[in-house]
There are 2 protein chains.
Amino acid sequence: MKILEGGITAATGFLANGIACGLKKRKKDLALVVSEGPCTFAGSFTTNLVKAAPVLWDQSLVRTQETVRAILINSGNANACTGEQGSRDTRSMASLAALSLTERNLGTTANEVLVCSTGVIGVPLPMEIIEKGIGQITKNLKATKEAAFDAAQAICTTDTFTKEVAVEVMIGDKAVRIGGMAKGSGMIHPNMATMLSFITTDAKVSKKSLQALLGESVVDSYNMISVDGDTSTNDTVLVLANAQSGAPLIHEESPEWDSFKEAFLFVHTALAKAIVRDGEGAGKFIEVTVTGAMDKASAQGLARSVVSSNLVKAAFFGSDANWGRILCAMGYSGSAFDPNTVDLSFSSEKGSIDVLLGGQPIAFDEKKAKSILLEREVMVHAKVGDGPGTGTAWGCDLSYEYVRINGDYRS
Amino acid sequence: MKILEGGITAATGFLANGIACGLKKRKKDLALVVSEGPCTFAGSFTTNLVKAAPVLWDQSLVRTQETVRAILINSGNANACTGEQGSRDTRSMASLAALSLTERNLGTTANEVLVCSTGVIGVPLPMEIIEKGIGQITKNLKATKEAAFDAAQAICTTDTFTKEVAVEVMIGDKAVRIGGMAKGSGMIHPNMATMLSFITTDAKVSKKSLQALLGESVVDSYNMISVDGDTSTNDTVLVLANAQSGAPLIHEESPEWDSFKEAFLFVHTALAKAIVRDGEGAGKFIEVTVTGAMDKASAQGLARSVVSSNLVKAAFFGSDANWGRILCAMGYSGSAFDPNTVDLSFSSEKGSIDVLLGGQPIAFDEKKAKSILLEREVMVHAKVGDGPGTGTAWGCDLSYEYVRINGDYRS
């Protein structure tokens, strides 16, 4: 697997653009990703009972369409809790984009346009602004790195940096590429899906294989991150595959499936980790690995409970080796383990320190612990027993800045 | 039901004291509550898999003892994650207290002394300090309001005020009293029990009736509050009943059971509400009532999810009428409801404002909303349908101060 520059346009045959259409004050707020030809596709969506209108639209396309051509994304307004009007607006967005693409010789129907929205909840979309924006954004679709970057910028809300990744793997003698972009950075506690993440690939994969693979990958990537414990109404991951690499069809029985799968998961995990790295107000990136658990699900449950704990996150903000809070969060995770057999250690570029051995506290050098925890990337390793289960979760600290951002988000 | 002054000594025959024995720098840190005669008792404990040594001790007494005499509580050290030593230390605390009480003509055995600890996790108890403290605290046990206040002070950690309550109800022609004290104020997301809360009553109730009543009351009081989503390792509610009112035995079939039950729940709810009012860093008290749900459990689940959401809490910190976050939190609560039939309103002493009607956003006066939300006590009412289920939860805002307190708790 080779890591490439670029993002959503890295795979052959994908065009993109991102513009400022006026939903946000000055920043880019409308993105479009289009394939030159039809794509098999897969989606994973929020488990929140309150689903934004575009989520319902995309879910219906996943159920009914064999292929799609484009994804239209706006930031600055989530089109969630907007009633009937919200659904009509989403359909209009798809129709307007299909119409405009067809005028530019990228013949598309409304049912081939996936739609995503992110931003404030409960405010109707200003459709005249979006309509004008759609007319403009289709003019400059390009397959360049710059166009991918523009699109990655346009999907951001409180994000402080764009999140892009691309890789290449060989399928037979053909190079296949997988690229993607994502946005965070609050209301992040994905469950079965997450925030917005978009992946394109020029591999030839069936819709069924793609959906199964996405389901598997989501469990180990987005579902293992948390910024604030709030599962959004708009979480969406979409994958488009347009087969333009010329590589043969791959599926679960292909000899190259494992390396494709590895590359695919790499892309999702890289984007998921970028999201917590850029969590609202985050100053620290925290990786929690649990080993020796009964099974993988149990290890993942323990790890995720730790990165989701407000008290653990606040302790990391203060670079405080308050390991009791880690054990406490493991204790209420719902996963079974024996507290009397836990080994716990912290590590970072500054070294590693054990704080608990076989459930017994160890007198440790507080100064050394502080120097380890003051780093921007800190690892926690909990060995809970001798089982085969391993899991890793990623999170960030809880800072004054998180409270500031969310105390006055709408203004 | 009459509300009285005082707390843990309001019921006849209960003595208390609270002293500074040296676990904390200057503040009181050791409390003792003793009954002049044997008490039936009940306990409810944390569901965290990681249980502090005193929790395990109290649970074993609930299983094996018919009556107890005293509760010894220290703050400043949770005696959690302290291994074998922790269990030995808890047993020593009970033995030392029993010995010292016997010397003072309050003949007690170790198995009649419940023990609670609260404070930092993972540090062994300094037993020589506690031993000295126990010798001292038994000297000045009194049935006064002042003694109750001393005890209520001694169980506090980051609490900014003491939490006491007492009421009186008539059982036959006898006045029966129920009094209590509690402490918060971080690691508060109780599940089946909570933080530390102690109730005494001079009613005559069997152990079995008392335990059943406590189980019921906990569901509607402590289990409906959240400060930070972290379920502690030490949560404990203990109730002692010494029968000294002279009132006849009451049980589920007694005519006065309902008024006793009402008074009992009132005491628990008052303490639970005091805990969130004093949540770490809290500037606002938030009450969320859900009506029209399928059933009570479903309404309670929705209400509790709202008060537990970091994003909702941060919006209250900013007095921001960001109702979308409330709907989002209801959506991931796990309770079923139809988002398209929700009415939502905010209210406070400054008035009331509707923001959502039948799932449709209402254009509302932002200035009026701000003035309502700027109050220290804010109510949210969500009517989710036409079902009979109603539930209320209590929470607080998420502030800079919460992050500051927990970024450096151990120092």
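This is a predicted model: local features need pLDDT of at least 70, side-chain atom pairs count only at pLDDT 80 or more; totals for chains, interfaces and linings use all residues.
1. Helix H5 of chain B covers residues 207-220 and helix H6 of chain B covers residues 257-277; their axes come within 9 Å and cross at roughly 45 degrees. That angle makes H5(B) oblique to H6(B). If you look at the hand of the crossing between H5(B) and H6(B), you will find that it is right-handed.

2. Which residues bring this pair of helices in chain B together? From H5(B) come B:Leu213, B:Ser217 and B:Asp220, and they meet B:Lys261, B:Phe264, B:Leu265, B:His268 and B:Thr269 in H6(B). Sorted by class, the residues of this contact between H5(B) and H6(B) are three nonpolar, three polar and two charged.

3. Now turn to the corresponding region of chain A. Here helix H5 (residues 207-220) and helix H6 (residues 257-277) of chain A have axes that come within 9 Å and cross at roughly 45 degrees. H5(A) and H6(A) are therefore oblique to each other, and H5(A) passes H6(A) in a right-handed crossing. On the H5(A) side the contact uses A:Leu213, A:Ser217 and A:Asp220, while H6(A) brings A:Lys261, A:Phe264, A:Leu265, A:His268 and A:Thr269. Three nonpolar, three polar and two charged residues make up this contact of H5(A) with H6(A).

4. The same surface serves both copies, since 100% of the contact residues of chain A recur in chain B.

5. It is worth looking at what builds that contact between the chains. Chain A gives 49 residues to the contact, and chain B gives 49 residues. On the side of chain A that touches chain B, the elements giving two or more residues are helix H8 (310-317), helix H9 (323-331), strand E14 (360-361) and helix H11 (400-407) of chain A. Which of these elements gives the most to that side of chain A? The answer is H9(A), with eight residues. By class, the residues on this side of chain A divide into 23 nonpolar, 20 polar and six charged.

6. Two of those elements, H8(A) and H9(A), also pack against each other. Their axes come within 9 Å and cross at roughly 160 degrees. An angle over 145 degrees counts as roughly antiparallel, and H8(A) and H9(A) are therefore roughly antiparallel to each other. The crossing of H8(A) and H9(A) is left-handed. A:Leu311, A:Val312 and A:Ala315 of H8(A) make the contact with A:Arg325, A:Ile326 and A:Ala329 of H9(A). In this contact of H8(A) with H9(A) there are five nonpolar residues, no polar residues and one charged residue.

7. Next, please have a look at the sheet in chain B. Seven strands of chain B form an open sheet with mixed pairing, in the order E9-E16-E11-E15-E12-E13-E14. Strand E9 (225-226) and strand E14 (360-361) of chain B stand at the edges with a single partner strand each, so one side of each has no neighbour in the sheet.

8. Strand E11 (residues 285-293) and strand E15 (residues 377-383) of chain A run parallel and are joined by seven bridges; A:Val290 stands opposite A:Ala382 in E15(A). E11(A) and strand E16 (residues 389-396) of chain A run antiparallel, and seven bridges join them. In that pairing, A:Thr289 has A:Thr392 in E16(A) as its bridge partner.

Notes:
Residues are numbered from 1 along each chain as its sequence is written. Chains are lettered from A and ligands numbered from 1 in the order in which they are written. Two residues are in contact if their C-beta atoms, placed from the backbone, lie within 7 Å. Helices (H or I, at least four residues) and strands (E, at least two) are DSSP runs, numbered from the N terminus. Ala, Val, Leu, Ile, Met, Phe, Trp, Tyr, Cys and Pro count as nonpolar, Asp, Glu, Lys and Arg as charged, and the others, Gly among them, as polar. Axes are lines fitted to C-alpha atoms, for helices over the stretch in contact, and angles run from 0 to 180 degrees between N-to-C directions. Angles under 35 degrees count as roughly parallel, over 145 as roughly antiparallel, 65 to 115 as roughly perpendicular and the rest as oblique. A crossing is left-handed if the near helix is turned anticlockwise from the far one by less than a right angle, and right-handed if clockwise. Two strands pair if DSSP finds at least two bridges between them.
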